[in-house]
Amino acid sequence: MDILTIKDKDYLGCDNCDKCCINRGDIKLTPINVIQISKHLSITIEEFLKKYTYELKDEQPEIAIKAVGERRDCIFYDRKEKHCSIHKVEPMQCVMYPLVPENLKRDYFFNKGTCVCKEKKLIKIEKWLNGNHGIYKKYKDIYIEWIKLMELIQENWKKLPLKTRKEIKIILFKDYNLKKRNIKKQVRNNMERAKYLYIKQFN
């Protein structure tokens, strides 16, 4: 598979076939997603986490969107209307699909060809990524920071005291004010707090 840059073009498309919304349960969420989806649904963060997410036991403290039914549909897939009910605030994993990041910092991707859409067109990668309300452009930087934090924390997560693990989870996913506009600032502050707590345990 050839590496694609953000300036390259590839054959991409979507005909609402639903194939990328079934057999899920692996769509990870960042704090940005938790805040935005909670606001989109007009519910509290606590309600959102309890009803729509679950903890990834082998990749804590990360969380993912629940899958439901025999087909294991993403819980946000509307089967009647055949579309994603949170499309405006969907996770980065969904924004990039079917592209897989090779190096996000440099905007390098490859296309595994997993999308079965029959109406694909030659589209610029940059246009594909930013077609959904510019999510990629707005949040790529903090998404990269999130990945780095998870790589750091997960390395010794099980060695942390239970009290510290609980505190980190609260800081990362619950300790936010939905009324404030600057989401990035809140998330960055909380990531720094969580990182400090983690590092403190090993100094």
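I began with Arg-24, which forms a salt bridge with Asp-26, their closest N and O atoms being 2.8 Å apart. A salt bridge here is a side-chain nitrogen of Lys or Arg within 4 Å of a carboxyl oxygen of Asp or Glu. The model is predicted, so local features need pLDDT of at least 70 and side-chain atom pairs count only at pLDDT 80 or more, while totals for chains, interfaces and linings use all residues. Residues are numbered from 1 along each chain as its sequence is written, and side-chain values use heavy atoms, with hydrogens and water left out.

**Burial of the pair.** I looked up the accessibility of both partners. Arg-24 is buried, with a relative accessible area of 17%, and Asp-26 counts as partly exposed at 38%. Buried means under 20% relative accessible area, exposed over 50%, and partly exposed in between (1.4 Å probe, protein chains only).

**Other salt bridges.** I noted a count of 14 salt bridges. Lys-174 forms one with Glu-46, with the closest N and O atoms 3.9 Å apart. Lys-174 lies in the loop between α6 and α7 and Glu-46 in helix α2, so the pair ties together parts 128 residues apart in sequence. Helices (H or I, at least four residues) and strands (E, at least two) are DSSP runs, numbered from the N terminus. I then found Asp-141 in a salt bridge with Lys-184, at 3.2 Å between the closest N and O atoms. This pair links helix α5 to helix α7, 43 residues apart.

**Glu-90.** I did find a polar contact of 3.4 Å between the side chains of Glu-90 and His-87. A polar contact is a pair of N or O atoms within 3.5 Å; within protein, one must be able to donate a hydrogen and the other to accept it, and residues adjacent in sequence count only if both atoms are side-chain atoms.

**Rings.** I noted six aromatic pairs. The rings of Trp-146 and Phe-173 have centres 5.7 Å apart and planes at 75 degrees, so the pair is edge-to-face. Rings of Phe, Tyr and Trp (its six-membered ring) pair if their centres lie within 6.5 Å; planes under 30 degrees apart count as stacked, over 60 as edge-to-face and the rest as tilted. Both Trp-146 and Phe-173 are buried.
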